[in-house]
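Here is a short briefing on a protein chain. The model comes first, then the notes.

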Amino acid sequence: MKDPRITQLAENLINNAIGLKAGENILIETTDTPDEVSTELIKAVEKVGGNAFVRNSCSRVKRQLIKSATDAQMKLDAELSLAEMKKMQAYIAIRGADNAMENCDIDDAKMLKYRQMTKETLDYRVNKTKWCVLRWPNPSMAQGAKMSTEAFEDFYFKACLADYPKMRKAAQNLIDLMNKTDKVRLVAKDTDITFSIKDIPAVPCCGNMNIPDGEVYTAPVQGSIEGVIHYNTPTLYEGKQFSNIRLVFKNGKIVEATCETGDPKSLEAIFNTDEGARYVGEFAIGFNPFVNEAMCDILFDEKIAGSIHFTPGMCYEDAYNGNQSAIHWDLVLIMRPEYGGGEIWFDDKLVRKDGVFVLNELKCLNPDELA
């Protein structure tokens, strides 16, 4: 029997997150997801008079394609993907990932080539289409979150179907404050880092580009980052897992990168993808009240209430700081007391302490208010 929450999510994605209009083309890419997800999205697209194009894939098949592909094959595939994307006004990707570690044994050099080849399509999709990316709940994800499958599904739909209009209204004061801010300082365990966000716009994510949503992002001014940041959540990048990544910055550039678990050579390979991989393209503050614990899935972890993410790699055009890269790696630091605490300072004024906003105009973003 079909879960009615699938229909609700599909209609929310098409009508609200994407805002699809009659006559617009949308590419829907799914990985390891039930057929019902694609069919409900197609029905929602049909209702608004749009045109749905669907690509269903499997992570095991994609892994083998990457492992087997020649350079010429990758180049042609990238050209075909870009040509298709240029015909689209909107894009949705839903990724189930039955095994989040599926790509862990692909050679670093091959993954580097794949990232470089697919960068142009990624850039076009991010900057030229209306897009939304989300996961799909499955036993593998439930295990990562240390939940039963049923409990994780309930959590998933609660987080994904949050009251985003209320969240967007509450976020406006934070947007206004960030747009007036020059110097930012982040202080936490083994973290003390400063940078400028002067004249770079603050952008709300409250139910549109990623689901579950709940953040405001901007970007650091190129060359302004100084200090050390220690990310206290585990992370996956293309099937390779790392924990307790510690980055040292000088003049805006990562000059030292270490991790407690994970392959140091693979970590270096990611930051050596290109010149922009050692600079930061995004700084964001997360506040989804239903997402509280790290589960080694960036789309969830970056929205954790009381967190920030500080992202090596490509910046977004709407918060442009000039950094270009084939990577965009949202690394997360949770600042709540049980994770060691932490503080956010804007122009020497304390904004958030131990994951709780302390300024009166921002208290509406705290979990007890948003939930």
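Aspartate 347 is partly exposed, at a relative accessible area of 37%. Partly exposed lies between buried (under 20% relative accessible area) and exposed (over 50%), using a 1.4 Å probe and protein chains only. This is a predicted model: local features need pLDDT of at least 70, side-chain atom pairs count only at pLDDT 80 or more, and totals for chains, interfaces and linings use all residues. Residues are numbered from 1 along each chain as its sequence is written, and side-chain values use heavy atoms, with hydrogens and water left out.

**Backbone**
- Most residues other than glycine have a negative phi, and most peptide bonds are trans.
- Aspartate 347 has a positive phi, near 50 degrees, and sits in the loop between strand E18 (342-346) and strand E19 (349-353).
- Aspartate 199 also has a positive phi, near 65 degrees. Its loop joins strand E6 (191-196) and strand E7 (203-205). Aspartate 199 counts as exposed, at 67% relative accessibility.
- The peptide bond from isoleucine 211 to proline 212 is cis, with omega near 0 degrees. Proline 212 lies in the loop between strand E8 (210-211) and strand E9 (215-218).

**Fold**
- The protein chain has eleven helices and 20 strands; these are DSSP runs, with helices H or I of at least four residues and strands E of at least two, numbered from the N terminus.
- The C-alpha atoms fill a box of roughly 50 × 45 × 40 Å along the principal axes.
- Of the 371 residues, 55% count as buried.
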